[in-house]
Amino acid sequence: MDTTILLFLLQDGVTNGAIYALLALALVLVFAVTRVILVPQGEFVTCGALTLAMLDVGRVPGTVGLLLVLAGLALIAEAWSHRRRFTGKVAGRLVLSYVLPPLIVAALAWWLAPLRLGVLPQALLAIAIVAPMGPYLYRVAFQPLSEASVLVLLIAAVGAHFSLTGLCLLFFGPEGMRASPLLTSGFTAGPIPISGQSIAIYLAAVGLMAGLYLFFGRTLLGKALRATAVNRLGARLVGVRTALSGQLAFLIAAAMGALSGVLIAPVTTVFYDSGFLIGLKGFVAAIVGGLVSYPLAAGAAVFVGIVEALASFWASSFKEIIVFTIIIPVLLVRSLTATHTEDEE
Amino acid sequence: MSPTRPMSKAAMSTGRWGRAALAGLIVAAALLPVMPGVPVFWVTLLNNMGLGALVAIGLVVLTGVGGLTSFGQAAFCGFGAFTTAVLTTRYGWSPWATLPVALAITGLAALVLGLLTVRLSGHYLPLGTIAWGLSLYFLFGELELFHRHDGITGIPPFNLAGWDLYDSRGIYYVIWISVLLAALATRNLLDSRTGRAIRALRGGALAAESFGVSTMRVKLIVFVYAALLAGVAGWLYAHMQRAVNQTPFGINAGIEYLLMAVLGGAGHVGGAILGAGLVTLLKDQLQRILPSLLGAKGNYETVVFGALLILLLQTAREGLWPRLAALSSGMSRGARRKVPSPLVGRDGVGGNPKLGREGFPPPLTPPHKGGGESRGDPAQRSKQIEPLPARTMPAAGEPLLVLTKARKTFGGLVAVNDVSFAVRAGEIVALIGPNGAGKSTIFNLVTGVLPPTAGEIAFKGERISGRSPQAIAARGIARTFQHVNVQPGMSVLENVALGAHLRGAKGAAASIARLDRAEEARLLDETARQIERMGLTAQMHRPAGSLSLGQLRILEIARALALDPVLLLLDEPAAGLRHFEKRELAATLAGLRAQGLTILLVEHDMSFVMGLADRIVVVDFGTRIAEGPPAQVRSDPAVIEAYLGGVA
C-alpha cells in the first residue's frame, strides 16, 4: 500500500468518522438528559437518507406516513394522560403540539415533493420531516418510563428500534436508494481528490458541533437541558420541565440523525435497515467516551471511521466484525479502570 | 374450597391442584405428538417454542433474577449449533458426543465476554452484547469453516437406540426433556446458597458483599449459565434443522428471546416457557397474516414485537406469569399481595418507601414447603442436623480490633482524622458523635468498603486495612447497615441465610445437581437458630418486605450473627425503634456479650448507649475527642462542648 492509498483511506475514514461523531454526540446528549440509550438513532439516519432519496426523484417520501403514525400515537398517549381533566385548553394544546406540526409538514411534503426544488431545500425538508419524529417517539415510548432504570429504558429502546425498522420496511420497501450529492464541485489536495460531499459533511459536522456548543453554553433552553442531565430532581425543583427536556433532546437527536442520513444518502445506497449498523458505530464511539464525554466521543468516532476504512481495504468482508470488536478492548480498559461496581441509578 | 378453612390448608390444596395440573400437562405434552390427527406443523411449532424456552429460561436467571441483560443470546445459540455442525459433518462425531464440546466452547466464549463487562455498571453488558452479537453474527457468515453464508448442511439427526430422529415428532421429546431439565436445574440453582447470592445481586449488592459474596463472580456464573442454556438450544436446533447458517443467530433473534422473557415474566421459569410459547405462536401468525394484509413480503412482525415490548414495560413490567399465578390462586385464596417484577426495580414507584430502594422481586421459589416446616420447630430440628462448626471466641479482654491513626480523606475533606482506638474481646464499645463526625466512614474503613488513606487497622493482630469486604467478613467481622439493606422479596429465612454464605462451600454446579442438600440443610438450620435467637421465628417464612422497621433491624442482626462473627458492627441499631423495642434490643445485645461476642456500635440514642456500652469513643469532625467508660465520657468537657456547643 502506498501513501496515496493510505491518504485516500484516511480521508474516507475521516468522512465517515464525522458522520459517526454526529451520531455519537446525539447519543451522549440523549443519554445524559434522559438516560435512554438511543438504539433507534439509526432509524432516524435511515429515514433522513431515504426521505432525501425519494424527494430527489420527486416522490412523496414514506416518512410522511411514518411521522403521521408516530404523531397519532403520541396524540393518543397524551390525550389518555389527560383523560381525567380534558378541558378545551388541553385540547388546544394537543392540537398545537401533536396535530398541526405533522399536518403542516405532511402538507409541505405533498406540495413540494413533486416540484423537485433542488438539493438544499430537499435536504432541509427531509430533516423537517424526520426531526419531529424524535419528540413523538419520546412521548410514546419513553416518557411513561422516565423514572425507570437504565436497563428498562434500554430494553424499550431496543423495542423501538425493532418497531421502527419494521415500519421503515413498510413505508420504504426493501429496495435500497441513493440521492444526488449536496455539493458536486470538489477539489484535489495533492494526490487526494476531495469530493464536494465530503466537504459538505465536514462543514455540517463542524457547524453543528459549534452550534451545539453555543446552544448549551449560551441559551436558557440549553442550560435547562444540562441541568436535567446533571440532576433530574434538582432540575425539576428549579422549574425545568424534564419531560420537555426529554422531548427536546430527542428532537435534537432526530434532527442530527436525519442530517447524518441526508449527508450519507449520496455516498452509499441506503436500505430500510442500514441505519442500525451506522448508528451502532456511533455507539461504539459514544461508549469510548463512557456515554458522558462529548469530545472523547467525537474523537473516538473519527477513530472508528478510520479503522473501518482501513479494514475495508485489507479485509473487506471482516469490516463490520473488526469495527464492532473495537468495543471489546474499550470495555476491557473501562473495566480495569472502573473504581466501583455499584450501579448508581 | 370452604372459605372458613385455615389459610395453610387452602394453600396446600392449591399446591396439590397445581401439582396435579402440572402432571396432567406433562402427560398431555408427552402424548401430543403421537395422538392421531395432530398435524406435524403443530409439533414443529412446539419444537420452536421449546428452543425459545431454553434460551428464555437463561434470560430469566440473567435478567429477571440477576438484573443483568443480554441481547446477544442468539450468538451463544450459534456457538452451540456451529460446534456440533462442524464436529458431526467434518469429523463424523455422534450428535450426542458433541454436547460437552458445544457447551465448553459456548461457556468459554461467555466467560471471556462476561469478564470484560461484569465490572462495569449495568448497561455496558447489554450494549456489549449488541456489539459482539453483531460481530459474531457477521463472523458466522464469513468463516470458511462454516461454509460462509451458505452454512453447513447435511448435519445428522439424533440417533436413539438405532432410530434416527428425522421426524419433528421424534426430536420433540429430546427438546422438551431438555426444557424440563433446564427448568429443574434453574429451580435448583435459585433455591441454593449460590441462588441466594444471585437473587441478592439486584440493589442489595453491598449487603451481599459484606457477607462474603463476590458479586462479580456471581454475575459471571449467571451470565455463563444463561449462555450455556442458549448453547444447548443451538445444539438442538442444529440437529432439528440438520442445516445451519448465520441467519437465526443475529441480533433480531436475540431481541426476540428477551421479548419472550419479558412477556412471560422475567422472574419466573414458568414465565419463560409461557413467553416462548406466546412469542412463537404470535410470530407464526403474524408472519402469515401481516404480509397478506400489507400486500408485501417482509418481517413485519418486528413492528408488533417492538411495540409489544414497549407496552409491556410501560404497563405490565412483571409479565404475564405473576398475573396468571394470581388468577389461579385467587380462585381459592382471594386477592393476593401484588408482587411487582424485578424489572420494576430502581424506579422506586412500586418500592416500599421504608426500604428506600428496589421494588419487590418476585418470590422465585416457594419458601421451603415440605421440609421447611420442621425447621420452624426447634425441638425437632436440632436432633436431626449436625450444627455447623462455630468459631472459638477469643479470651475476654484481649485486644481484638485496633485502629492506629486511621485516616480517610475525600479530596480536601478529612472525614477520619488519625483516629486510634481499640476494641477488646467481650466488650460493647459505642462510637458516638454528632452528625457528620465520621462514624459511618470508620465503619466502612473497618469493613473494607473504603480503603483507608493512611494508618492501620488490625483485627486479632492481623492487618486488615486494604482488604476486600469479603476477606474481612471471612475473618469474622459482620455488620448491619444504617439504612436497612435487605432483599424485600426474599423471605426472612433466605435473607438471614445470606449471612451464612461463607459457612457453606457448595457452588452452582453442586446446587444444580442437588449435591448441596446436606450442607444446605445445615446452613438453613443454623439460619433458623439465629432467627430464633433474635426472636423472629414467627416471621421466618414471610417476605422481608412485609416486616416493620424494627423487625428489619433485628433481621439484620440475625443475618450478621449467621456469619458466626467474632466482632459485630452495628450501625445505629436502635434508630427508628420504639421505646420498648429499644429496651428489648439492649437486653438482647447484653445477652450476646455474655455469650462472648464483641460489639462495636454507632448510636445516637444516649440513654441506650449509656446503659449498654462498656466504653464509649467520641468522635467529632473526624477526630477522636474522648474515650472511656460512660460516666467519664458524660462529664468530659470536650464532649459537652461538641454536643451542646460550649458554655452549657
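User: Which strands does helix α16 (residues 439-447) of chain B lie across, and at what angle to β6(B)?

Analyst: Helix α16(B) lies across β5, β6 and β8 of chain B, at about 65° to β6(B). Helices (H or I, at least four residues) and strands (E, at least two) are DSSP runs, numbered from the N terminus. Angles run from 0 to 180 degrees between N-to-C directions, and axes are lines fitted to C-alpha atoms, for helices over the stretch in contact. Two residues are in contact if their C-beta atoms, placed from the backbone, lie within 7 Å.

User: What should I know about the model and its numbering?

Analyst: This is a predicted model, in which local features need pLDDT of at least 70 and side-chain atom pairs count only at pLDDT 80 or more, while totals for chains, interfaces and linings use all residues. Residues are numbered from 1 along each chain as its sequence is written, while chains are lettered from A and ligands numbered from 1 in the order in which they are written.

User: How do I read a sheet, and what is the order of the strands in the open sheet of 4 strands?

Analyst: Strands of a sheet pair through backbone hydrogen bonds, either parallel or antiparallel. Here the order is β6-β5-β8-β9 in chain B, with antiparallel pairing. Each of β6 (413-424) and β9 (462-463) of chain B has a single partner strand, so these edge strands have one side without a neighbour in the sheet. Further in, β5 (residues 399-410) and β8 (residues 454-459) of chain B run antiparallel and are joined by 5 bridges; two strands pair if DSSP finds at least two bridges between them. Look for B:Leu401, which stands opposite B:Phe459 in β8(B).

User: Which strands form the open sheet of 6 strands in chain B?

Analyst: Its order is β10-β11-β12-β7-β13-β14, and the pairing is mixed. At the edges, β10 (477-479) and β14 (623-628) of chain B each have a single partner strand, so one side of each has no neighbour in the sheet. From one strand to the next, the twist averages 20°. Helix α16(B) packs on this sheet too, touching β7 (428-432), β10, β11 (567-571), β12 (598-602) and β13 of chain B, and its direction makes about 150° with that of β11(B). Strand β13 (residues 615-620) of chain B runs antiparallel to β14(B), with 5 bridges between them.

User: How many residues does each chain bring to the contact between A and B?

Analyst: Chain A brings 46 residues and chain B brings 47. On the side of chain A, α7 (150-172), α12 (274-288), α14 (319-325) and α15 (327-337) each supply at least two residues. The largest share, 17 residues, comes from α7(A). The predictor gives the complex an ipTM of 0.89 and a pTM of 0.86.

User: Where is pLDDT below 50 in chain B?

Analyst: The predictor's confidence in each residue, from 0 to 100, is its pLDDT. Chain B has a mean of 83, and 88% of its residues reach 70 or more. Over residues 332-342 of chain B the pLDDT is below 50, and this stretch has 34 contacts in the model beyond near neighbours in sequence. Residues 344-380 of chain B also stay under 50.
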